[in-house]
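Morning, everyone. Let me put the model up, and then we'll walk through a helix, the cores and a helix pair.

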Amino acid sequence: MKIYENARFYTMQQEGDFVQNILVQNGVIQGLDVDPDEYLDAKRIDLEGKTVFPGFVDSHIHLLWYGQALARLNLSETTSKREALELIRRRVAELEDAAWLFVEGYDENKWSDEATLITRWDLDEVSQNQPILVRRIDYHSVSVNSALIDVAQLVPQEVQGGEMVLDESGVFTGILRDNATYLATDRFPVPTNEEISAWLKLAVRDLWQKGVTGAHSEDLHYFNGFMGTLQAFRDTLSEDFPFRAQLLIHNAEFDVFERSNERFMDGDSFVELDSMKIFYDGTVGSRTAYMSAGYKNSPDEHGLKIQTDEEFESLVKRARKAGLPVAIHILGDAAFRDVIRMLKKYPPKAGQHDRMIHTPWLTDELIEEAKGMPLLFDIQPQFLSSDLPWALDVLGENYPKRAFAWKTLLESGFSLAGGSDAPIEIPNPLYGIHAAVMRTANSDLTGTCYFEAEALSVYEAISLYTTGSASASYKPDSRGKIAPGFAADFTVLEADPFKTKKENLRLIKVSKTIVDDQIVYSNSSLL
């Protein structure tokens, strides 16, 4: 039994509610504001005047991709194409002959010299012998050099839900989009469970330092298959290495899921299975988000659907037959329109909700049409900071005007949960909270507030990572709040967000992270 004390513990039961101490036993909160003299056998933990919240949970992340991104050469901080190619050149020089290179994270919108996608010819200048693959930060396009094209025998072809990009002469540029990316990425060796576990531990240790106690992740298709990857999670996350993972089931793995004995939300307190994950469209950055008005100067270019209408309907019906909700990647307004109309035709079981993942581009008409549906919006506030203002230029003046509509969605009665989509964004909840409140671009964090009417209050923004994530987990009565009977997962901050200037929210540091009543991170020291 322990008493955590000497801190301000915000319960998140209602705005402004806090207590002075917490009594915990066996990983569960037993009481609030207790008299320590009545629990003389309890170990007392002094939190030194810090601010405590229920453990922050990232509701949309790719844990293994994030671990890979931490382990691999990552170009996310590069500011020019020249710098990016030079970093790749240096890494190639360290490789053995004929070794393959997988590079992560470039974002051409950050580049000052040439804001264009990397092509085979860019990479051929680095090496014509070593097979090289570079993945864009949104994971919806990759670029490969001629050496990889040759060894993987990539020839131009039609790809359902994807594209092999050709130049004006019909020559393959080395750029593959959406489903076509797998033609290249799948040629890399299948990782062992030891490698998967190492990436997972790398990701989790980083997340602990950011105050994250759990995450909802989609990993069960890209590594060692459904069962192999799931087993790696179960072998890694436990009382000895505590982190709460809720795993979406990629629709391509549904045959294996149905043959297994696995069930929706079935598992232990550290690893559970969630909804069927479906990609409906792509991204604005790759010009594959499915937009009703098309793109700037290209009104007939609407993006793409990953699934045909018939395939999408079949997947939804299949999920319903198995008793599962669905979690759908949606970027464009046209994608959202088509999705909600299909979900109205095939609603989930009573008590379940379907996840609308991302949904940055909406309209008042679409939100009105969705009202009353059992939907939870799985949002990534940092996307606003990363995508604006360049996304407005890509889409043109006919962009859907209810953009990043978080306040409107709340006022329309929908639940919202917050995530990072790491490794797309940095999985620091304070960055997401800042973005939700300030709505400024990364290029000018104290500048223009975009679509100010949609800004959230500090309390609403913190709720995305506490009570919102708990709702997404179907655990509103056991996680996301500081209350008796709730999990002893806590994020301890150096400063109080409610007393911090809004523009400084992202500067708040994490003091401690506690999962299942274990201090897994404390002042730069990790479990």
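**Helix, cores, packing**

Start with helix α1, residues 63-71: it is mostly covered, with 7 of its 9 residues buried. Buried means under 20% relative accessible area with a 1.4 Å probe, protein chains only. Helices are DSSP runs of H or I, at least four residues, numbered from the N terminus. The buried ones in α1 are L63, L64, W65, Y66, G67, Q68 and A69.

A word on the basis. This is a predicted model, where local features need pLDDT of at least 70, side-chain atom pairs count only at pLDDT 80 or more, and totals for chains, interfaces and linings use all residues. Numbering runs from 1 along each chain as its sequence is written, and side-chain values use heavy atoms, leaving out hydrogens and water.

Now the cores. A nonpolar core is a set of buried Ala, Val, Leu, Ile, Met, Phe, Trp, Tyr and Cys residues joined through side-chain atoms within 4.5 Å. The largest has 115 residues. L63 is among those with the most contacts inside it, along with L237, I328, M356, W361 and F377. Another core lies apart from it, with 18 residues, including L101 and V134.

Last, the pair. Helix α9 (residues 309-321) packs on helix α10 (residues 333-345) at about 40 degrees, axes 10 Å apart. Axes are lines fitted to C-alpha atoms over the stretch in contact, and angles run from 0 to 180 degrees between N-to-C directions. How do they lie?

Methods. Buried < 20%, exposed > 50% of the residue type's maximum accessible area, 1.4 Å probe, protein only. Helix = DSSP H or I, 4+ residues; strand = E, 2+ residues; numbered from the N terminus.
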